[in-house]
Amino acid sequence: MFKVLVSDPISDLGIQQLMDANDVVVDKKTGLSEDELIAIIGEYDGLLVRSQTTVTEKIIAAGTNLKVIGRAGVGVDNIKLEAATQRGVVVINAPDGNTITTCEHAFAMMMALARHIPQAYAKTISGVWDKKTFLGVELRGKTLGVLGMGRIGSEVAKRAKAFGMNILAYDPFLTPDRAEKLEVKLASVDDIVRGADFITVHTPLTAETRHMISRPQFEVMKKGMRIINCARGGVIDEMALVEAIDSGIVAGAAFDVFEKEPPQADHPFLSHPKIIVTPHLGASTVEAQENVAIDVSEQVLHILRNEPFINAVNIPPVAPSVMNKLQPYFTLGEKLGSFATQLTHGAISEITVEYAGDLSDVDTQPLTRYIVKGVLSRHFGGDVNIVNSMHLAKTRDVNVVVTKSPKTKGFTNLITVTLKADPDEERLVAGTLLQGYGERIVQVNKFPVDIAPEGHQILISHNDKPGIIGLVGTLLGENDVNIASMQVGRKIVGGAAIMLLTVDKAVPQQVLVKLAGLQEINTAEEVILL
Ligand SMILES: NC(=O)c1ccc[n+]([C@@H]2O[C@H](COP(=O)([O-])OP(=O)(O)OC[C@H]3O[C@@H](n4cnc5c(N)ncnc54)[C@H](O)[C@@H]3O)[C@@H](O)[C@H]2O)c1
Ligand SMILES: O=C(O)[C@H](O)COP(=O)(O)O
């Protein structure tokens, strides 16, 4: 008999099939502290949560019988995925069930914002009939900027069209073709920030999206614009927003999510007359809660019964023989993907992986998942893993092509990752595992190099002239950036060349700008491989 613990409020109707199963016992215990969960989790095979339960490393460690953690919803930021993966616990989510509901909430927030509905309601029920204060604006004819055109962002854009809005959209995976299909105008973050009357964010919280709307963005916004966050707290800088409202740039904001949930009682949003808030209700409809609970219950049953399942967000089982051969290449593969994506500026449309030498006669699928994860993690953050990386690439129209080649170019094994991006960008990074030396990057954009893929790196493209290395060394030295190693690659003497440096710390943006401004240097970009 399997035991499943439901530790957050999850729809009864949704988990009915789990309760009806004759090989499963379901216990519902909500509001438990970490210690209380640790004390009982050992007796359970499955754990079902929403976002209230934080599934810590300690809880997972105490779950000695735990086989699956099911998230009835999208975000798994409350679950320690690494710990689950390490302990062989499958984590699954229900990514599709609450899309429409959350989109409708974002839309409701936009309308409430445009017409001051919460403020007007509060005043009316207090006995004041105030028809002057709450002059609103129409949505028709306004420009809506959508940051993040995944499941929810795309649905918001569809509905905004029906309201006669013009849509500017940005997503690193939004190609011109897809934008045309969705009838939105593909724009940069800067275009959106400067041109939108309303901005709504629908991205996960990643290193790149944290505070993607902050002081510099508010400073250039249209006066009187309005902003909505029903995605994740932290995508919009909360304090910078309050300043932008108080200085008259932003006319109002609607937030469903907060950097810290629940927010402290003295959080400025809670008393600001121009900010409306809801307590993370985006997914809270009868329909969505049933959908996500049904989806997740179905998969939990499959996992407990050892049947094929979908929507896993951590590691899948890999045959031991394949694992032994491929495992040494996993981190190299992920780093090559990450390196290549950091050099790419346009929307990626194709990832080509070429395996040569020792790798040409193995089933390299698990390794490809790591490489694709490396490519996508820049934009998906913790939401991408080796289980879902291929699926995410497919849903974003990113074609993954794998080729095998007997040509090893002198290496016993070689992995070459090439990214094609819109409009005509192509980036190539190749790496190998050298006996006795470990991981090496041996080619960047077709230039030969030999450097360990680690830490903070600077890639410089320049013309092969005497004195360039000295200029770079001096500038970095003057800015207190210590060089750990340096490689120069060129195809012909005096022609185009690249310099790849490993430095001891992050390189300030202004130093990269100064580097790019040096004589004979064309570009200087930072690549971080941690
Ligand atoms: N408020 C709620 O209750 C609620 C409910 C459901 C989902 N969510 C949150 O909403 C967000 C979107 O959910 P979804 O189901 O649409 O996810 P999704 O994965 O389908 O879409 C997210 C999109 O964000 C894009 N993105 C990543 N980095 C970006 C960047 N720097 N700039 C622009 N776009 C970027 C990705 O490419 C992706 O297309 C997630 O954070 C999710 O956790 C909140
Ligand atoms: O990621 C999600 O699915 C949403 O943020 C909903 O979270 P909830 O299930 O706690 O409402």
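1. A crossing is left-handed if the near helix is turned anticlockwise from the far one by less than a right angle, and right-handed if clockwise. By that rule, α5 and α7 make a right-handed crossing. Helices (H or I, at least four residues) and strands (E, at least two) are DSSP runs, numbered from the N terminus.

2. On conventions: this is a predicted model, where local features need pLDDT of at least 70 and side-chain atom pairs count only at pLDDT 80 or more, while totals for chains, interfaces and linings use all residues. Residues are numbered from 1 along each chain as its sequence is written, chains are lettered from A and ligands numbered from 1 in the order in which they are written, and side-chain values use heavy atoms, with hydrogens and water left out.

3. Helix α7 covers residues 151-162, twelve in number. From first C-alpha to last, α7 reaches 18 Å, close to the 16 Å expected at 1.5 Å a residue. That expected span is 1.5 Å times one less than the number of residues. Gly164 follows α7, with a positive phi near 75 degrees.

4. Which residues of α7 are buried? They are Ile152, Gly153, Ser154, Glu155, Val156, Ala157 and Ala160. Buried means under 20% relative accessible area (1.4 Å probe, protein chains only). The buried residues of α7 pack against α5 (99-115), β6 (143-147), β7 (166-170), α8 (176-181) and β9 (198-201).

5. The axes of α5 and α7 come within 9 Å and cross at roughly 50 degrees. Axes are lines fitted to C-alpha atoms, for helices over the stretch in contact, and angles run from 0 to 180 degrees between N-to-C directions. The two helices are therefore oblique to each other; angles under 35 degrees count as roughly parallel, over 145 as roughly antiparallel, 65 to 115 as roughly perpendicular and the rest as oblique.

6. Contact means heavy atoms within 4.5 Å. On the α5 side, Thr99, Ile100, Thr102, Cys103, Ala106 and Phe107 meet Arg151, Ile152, Glu155, Val156, Arg159 and Ala160 of α7.

7. A second pair is α14 (residues 330-342) and α15 (residues 365-380), with axes that come within 7 Å and cross at roughly 35 degrees. This crossing is right-handed. Among the residues that meet are Phe330, Gly333 and Gly337 in α14, and Leu367, Tyr370 and Gly374 in α15.

8. Ala421 lies in strand β15 (residues 413-421). Ala421 is buried, at 4% relative accessible area. Leaving aside neighbours within four places in sequence, Ala421 is in contact with Thr344, Gly346, Ala347, Ile348 and Ser349.

Technical notes
Buried < 20%, exposed > 50% of the residue type's maximum accessible area, 1.4 Å probe, protein only.
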